[in-house]
Amino acid sequence: MAESTVIYLLGKLASFFENEFQHMREGREEMIKLGGEFERIKAFLAVADSMEESDEEVKVWIKQIREVAYDAEDAIDEFKLLWAHDHEGRGLLYKIPCCIRNMKARNRLTAAIKSISCKMNVICESHQRLSEKLNRDQQGSSSTCEDGTWQDHRADAVFAEKSGLVGIEEPKKKLTRLLVGGISEREVISVVGMGGLGKTTLVKQVFDDPVVKKHFPVRAWVTLSPSSRTEELLMDMLQQIASSIMKPVPSGADTMNIDWLKMMIKSLLQERRSRYLIVLDDVWHLEKWDAVKYALPNNNRGSRIMITTRNGELAQASCTEFDGQVYEMQPLPVEQSWKLFCRKTFKKNLCPSHLQDICTDILKKCEGLPLAIVAISGVLATKDKRRIDEWDLVRRCLRSEMDGNDKLKNMKKVLSLSFNDLPYYLKSCLLQISVFPEAHVIERMRLTRQWVAEGFVEMKDAKTMEEVADDYLNELVYRSLIHVVERDKDGRVKSYRIHGLLRKIIISKSRDQNFAAIIDEQSSVWPDRIRRCSIQNELRIGQQSLSLSHLRSLYIFGVDKCSLYRILAGDLKLLSVLDLQNAPLRRFPVQVVDMRCLKFLSLRHTQIQTVPTFIGRLQNLETLDLKHTRVTSLPVEIMKLQRLCHLLVYRYQTVSYTHYKYGFSTPAHIGALQSLQKLCYIDADDDRTNNVISELGQLNQLRRLCILKLKKEDGRKLCWSIAKLTNLQALAVSSLGDDEDIDLQYLSSPPPLLQRIYLRGRLQALPHWIANMHGLAKLHLRWCCLKEDPLPSLQDLPNLVHLELLQVYDWQTLCFKANGFPKLKILGLDYFEELTFVQIEEEAMSSLEKLIIQRCKELKRMPSGIEHLTKLKVLEFFDMPEELTEKLKLEEKDEDYQKVAHVPELRYGYWRDGAWDVTSVERSGEDRSSRPQDTTMKRSNLPPCWK
């Protein structure tokens, strides 16, 4: 991890040399020399980091490097802060005492740089000796072996007895069907999932199944761990294949190079024309797959290749390249987790009643991970069942148990392997996730903006920093380290989570490396010299002084008001990230004025109403998140924030079908904020509207623009501005009222990257340019009251996946034509009062997965042709005539019911007494076409309709 710290520091040094260096009066030579030393040591750190946990001397040396890098970063940031403070452009009477006051501070910084340089000299003296040592160690051992005393027990999975396994039968049946069924072409089946899910165990059970053995005369099992050499892997494969076909290994094979070995394997598999099964277990990197894949020919005999991996990208790539399917391993369900837990903990006996609550809590922390359940069961099996306090101690202190208990050592090592395999830039990102509380659902954009502000994200080609951060997130998902929780309706990821036990491991690593500190109700001592701090729940650290001067990031979760203000009163001048989402605040915290380094400020879901004028002093600010606050206007000083990328000032409220949005009045000269990428939501109904709408065209970095209360006469100027926004990806425009016109016909050519459009208000005619937008993925049209049917213009859009229509046109009959809407996955129809008949022609909307129909009071028949929607997964009716919803409950012999018998999820509901009554139609048994049964009515305050 010292590698990422040093690389981040080098980036800061480069910026410093380019900008502030010329203003240094002393210590310039030391600063140049310091930068050179860090540059020289950078490449060596990649090797040293991989051996940090296995060599105490290396560990100490890396810690020294990290601490010196932190000191250098502090010195640079303090100098930049003082220099910026001295040049704020105020009057002479202010500058003279300010310069005198800062003179001593400048001298202290110069002394600090000299001291850092001396420390670095001492550290570099041992560089050569350590370099030689690490070179020797690398030649004699694997780079992935963290600890010479640790025995890797992952291979034991291939020896697991079937009688000791739980929850494996169904996955085994599915994989067996994939292997022995299907086409005669060679296929790849990739089994993917995080470490500890039991991928190897499952595949070995399939590999040894009699049906599989009989189906595949030629079989081989090869483990492709990161430490294995390609020659050894190919030789092992060759020997197993030769043994299967009862032929000797060709003489001299052990001295052949990689290409000859691949040719020999391919030749053997082609000669016999036998159906083969090759298992490639524990494949980490694409290079390993690339090294062996061309040895496995397509002999048109139904041969199969099975891969187990933690890398989702590798799984997708292999199945795309050779054809095949990805099988995602899932955690054990609650019932099977409990069965495995009791079997291992109580030796097949029942859990004693007085331990059930504690055991249930412990099992929740395992989250269905078999490796964790077995490991923790091994610890609990040694505890006295009469001593409830011993069991409760494990429940409360599982993280410390993982660090100190030998029985949990293997589990921790297996889960740690995925972290250790990460490149340096992803290690920092994953460690940062540890600041979120356990089981916390993390919003994607919140996370990526924090990573950018922290400095973890590097520039790449023409991408924005946020787009690169999204790539980082995707890579962590592919590596099975974080998991997608929710996606937007058009498929974009909305939120993530991390497995609880993996979180405990990264918290431990984060603490060891002084990366971040978690302060919760169990913390009694405030840590010293911390860089990042996450305060969760009440602060119980007495009256001791809080060391905050080195803090770069502060995250607040569930903290009371007194503790919050005590923390904010500290020395936070170097803070870059301040996340106060959901904090108990009614006023904008005045302490923020001194946080001149701040890049990310979130006050989302607080009760603040105004933003003070001193906001203009935060000139490094990149994200200002005031979503779901009471702020409705911003001071003109906001225009000083030239680095501001994300300005979010809005809230919304939904009651039944009514969706209220509240934006903010924009100060004049909004075009000065040239870095803006996201601007939501501006009110366009005040006296400055003309200038504001015209200036929007100057924001050429804008990706998302949201406007409320647009007047008809401003439509032309808005079109002119939109035409200049060549990077725009999402546009939302609402009229002054639902019965007011908006005129967007003046846009001759929409921005080329525009993918999402949300229009609310009378249009009279569909904007002509929409029908030609081949990249359009999402379209919402509400209260448009068009005079012509829009479907002929929309049905040929090749990439439209999400369409929602509310009071768009006075349809009586709505017809979806054959071959129309080829990519559409979600369709919503709402409030068409005259609509009596919906027809879906064969081959229309062939990709549709979800259909929602609401408030169409005259539609009493099931859509004709709905049976043609073979991919439909969800069908929902809300506030629809009972004549229609009753058809969902009829017996299977009914013709209307048969039309939707193939749809897995059927729901209908009504808004009653201020809440939703929603009913799900369930089928009994496995056959979905068996008689439907209604579930108990459930009430929900969340509307089923779209926002």
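**Strand β23 and beyond**

Mentor: Strand β23 (residues 778-782) is mostly covered, with 5 of its 5 residues buried. Buried means under 20% relative accessible area, exposed over 50%, and partly exposed in between, using a 1.4 Å probe and protein chains only. Strands (E, at least two residues) and helices (H or I, at least four) are DSSP runs, numbered from the N terminus.

A word on the source. This is a predicted model: local features need pLDDT of at least 70, side-chain atom pairs count only at pLDDT 80 or more, and totals for chains, interfaces and linings use all residues. Residues are numbered from 1 along each chain as its sequence is written, and side-chain values use heavy atoms, leaving out hydrogens and water.

Back to β23. Both of its faces are covered. Lys778, His780 and Arg782 are buried on one side, and Leu779 and Leu781 are buried on the other.

Now its neighbours. Strand β22 (residues 756-760) runs parallel to β23, joined by 5 bridges. Two strands pair if DSSP finds at least two bridges between them. Arg756 has Lys778 of β23 as its bridge partner. Strand β24 (residues 802-806) also runs parallel to β23, again with 5 bridges. Here His780 is partnered by Glu804 of β24.

Next, another strand. Arg907 sits in β30 (residues 905-912). Its relative accessibility is 18%, so Arg907 counts as buried. The side chains of Arg907 and Glu876 make a polar contact of 2.9 Å. A polar contact is a pair of N or O atoms within 3.5 Å; within protein, one must be able to donate a hydrogen and the other to accept it, and residues adjacent in sequence count only if both atoms are side-chain atoms. Leaving aside residues up to four places away in sequence, Arg907 touches Val874, Leu875, Glu876, Phe877, Leu888, Val918, Thr919 and Ser920. Contact means heavy atoms within 4.5 Å.

Compare a helix. In α7 (residues 199-207), 9 of the 9 residues are buried, so the helix is largely enclosed by the rest of the structure. Among them are Lys199, Lys204 and Gln205, along with Leu202, Val203 and Phe207.
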